[in-house]
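Visitor: I've never looked at this one before. Can you walk me through it?

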Amino acid sequence: MTLSKNGQLDKLHVNRIFYSSEDYDEFGASLQNANVEEKLLEPGSFKGYANIVLTPNLIVNNFKINKKVLQIGTGATGYITFTIWDPNFSFNWRKHEMKEGMIGILWKNEHESVSGAGINGLPISVKESYFKEICQNAGYPELFENLKKREVLYVSELHLKQIRKLVKFVTQQKKLADNLIYELVEEELIELLINCLLSAFPGKLAKDMTYPKFAKIIDFIHGNLSEITSIYQICHNTNIPERTLRRLINKKYDLSPKTYLNKLRLNEVRKNLKSNTENYNIFQVASEFNFWHMGQFTRDYKQLFGELPSETLIKSRAY
């Protein structure tokens, strides 16, 4: 067995592994994209090679094995894996005989595949949270949910050829700078993958470009809740017009921005009163979240939670 790593993880968290083994059990355990057990299906000496690139959000693999094997196992925890391979070799994925224009989809569930002798596998694993965010920011939030219902997709073979070419390129580079590998994997490859997957749903997934704006608004609000004093402040810091902000929040929550913001702040006050680790009084906690008119604050609090702030505080001190 030979195993070499081209340097340690740097600030871009790029790691490259070049690996070979004559032990099929050991080889299966090294593949990173899944937790698999290899079972040899034809006689003779086994030989496997794997070039793997790991970035913060992706695992890209380029492996070859010289014998027909059965692979049994599960997907990598927290990742969605797209089974891509060189179609010049036979590959059976679950109950499907895979052909050109097909991709297998593996979440963290059991799978079984049979790889023909000489197969060149090119699987790509993407962190679920990252992939969901990418789909949303690209304007296709439904894509992530649609993939959960599939184990095979029929996609554009032209897109697949571009993906195979890029996977082979990045996994064969031993001297290319890590920042370039990072950009090729986390930006160019993920864009190719999204476009490829979209080709499986022609005309069925409407592009929703309001989501990136909405996400930007919500991220700012939740990250700066105690500092926000006006709707203008949100608009100014997100560079989103007030009319657009009002329309998006109303569409998502059926609330005005002011009402939504107020309810979030009230919830934070309640959380602080219930914890009461600093022995705060009600005015101290309320003022931290820009409630200055105590009469209105008390009315809003009781309307939302069904009790006065003082009652919440008394209950917290009883424990």
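Guide: We'll take the overall build, then the cavity, then the salt bridges and a helix. Keep in mind that this is a predicted model.

Visitor: Fine. How many helices and strands does the chain have?

Guide: The secondary structure comes to 12 helices and 14 strands.

Visitor: Is the chain a compact globule or more spread out?

Guide: More spread out. The radius of gyration is 26 Å, well over the 20 Å that the globule rule gives for 319 residues, so the chain is more spread out than a compact globule.

Visitor: And what does the C-alpha trace span along its principal axes?

Guide: About 85 × 45 × 40 Å.

Visitor: What share of the residues count as buried?

Guide: Of the 319 residues, 47% count as buried.

Visitor: New topic. How many cavities of 30 Å³ or more does a search find?

Guide: One, across the whole structure. The volume of this largest cavity is about 230 Å³.

Visitor: Which residues lie nearest its centre?

Guide: Phe-63, Gln-71, Thr-83, His-111 and Pro-123. They belong to a lining of 21 residues.

Visitor: Which elements give two or more residues to that lining?

Guide: Strand E3 (34–40), strand E5 (58–65), E7, E8 and strand E11 (110–115). E11 gives the largest share, three residues.

Visitor: What classes of residue line the cavity?

Guide: The lining has 12 nonpolar and nine polar residues. No charged residues are in it.

Visitor: Speaking of charge, how many salt bridges are there?

Guide: The structure holds 10. One of them joins the side chains of Lys-168 and Asp-86, at 3.6 Å from N to O. That pair links distant parts of the chain, 82 residues apart. Lys-168 is in helix H4 (residues 157–172). Asp-86 is in the loop between strand E7 (79–83) and strand E8 (91–93).

Visitor: Are those two buried or exposed?

Guide: They differ in class. Asp-86 has 12% relative accessibility, so it counts as buried. Lys-168 is partly exposed, because its relative accessible area is 25%.

Visitor: What about Lys-99 and Glu-97?

Guide: Their side chains also meet in a salt bridge, 3.4 Å from N to O. Lys-99 is partly exposed, with a relative accessible area of 46%. Glu-97 is exposed at 52%.

Visitor: Why does Glu-97 count as exposed?

Guide: The cut-off for exposed is over 50% relative accessible area. Glu-97 has 52%, so it counts as exposed.

Visitor: Which residue does Arg-270 pair with?

Guide: Arg-270 and Glu-307 meet in a salt bridge, 2.9 Å from N to O. These two sit in distant parts of the chain, 37 residues apart. Arg-270 is in helix H9 (residues 257–275). Glu-307 is in the loop between helix H11 (294–305) and helix H12 (309–318). Both Arg-270 and Glu-307 are buried.

Visitor: Which residues make up the network there?

Guide: Arg-270, Glu-307 and Lys-315. Salt bridges that share partners join them into one network.

Visitor: Back to H9. How many residues does it have?

Guide: H9 has 19 residues. From first C-alpha to last it reaches 27 Å, close to the 27 Å expected at 1.5 Å a residue.

Visitor: Which H9 residues are buried?

Guide: Among them are Leu-261, Leu-264, Arg-265, Val-269, Arg-270 and Leu-273. Pro-257 and Tyr-260 are buried too.

Conventions:
Residues are numbered from 1 along each chain as its sequence is written. This is a predicted model: local features need pLDDT of at least 70, side-chain atom pairs count only at pLDDT 80 or more; totals for chains, interfaces and linings use all residues. Side-chain values use heavy atoms; hydrogens and water are left out. A salt bridge is a side-chain nitrogen of Lys or Arg within 4 Å of a carboxyl oxygen of Asp or Glu. Helices (H or I, at least four residues) and strands (E, at least two) are DSSP runs, numbered from the N terminus. Buried means under 20% relative accessible area, exposed over 50%, partly exposed in between (1.4 Å probe, protein chains only). On a 1 Å grid over the protein atoms alone, a cavity is a set of points where a 1.4 Å probe fits but cannot get out, and a pocket is an open set with protein on both sides within 12 Å along at least five of seven lines; lining residues have an atom within 4 Å of a point. Grid points are joined across faces, edges and corners, and a volume is the space filled by probe spheres set on the points. Ala, Val, Leu, Ile, Met, Phe, Trp, Tyr, Cys and Pro count as nonpolar, Asp, Glu, Lys and Arg as charged, and the others, Gly among them, as polar. The expected span of a helix is 1.5 Å times one less than its number of residues. The radius of gyration is taken over C-alpha atoms; the globule rule is 2.2 Å times the number of residues to the power 0.38.
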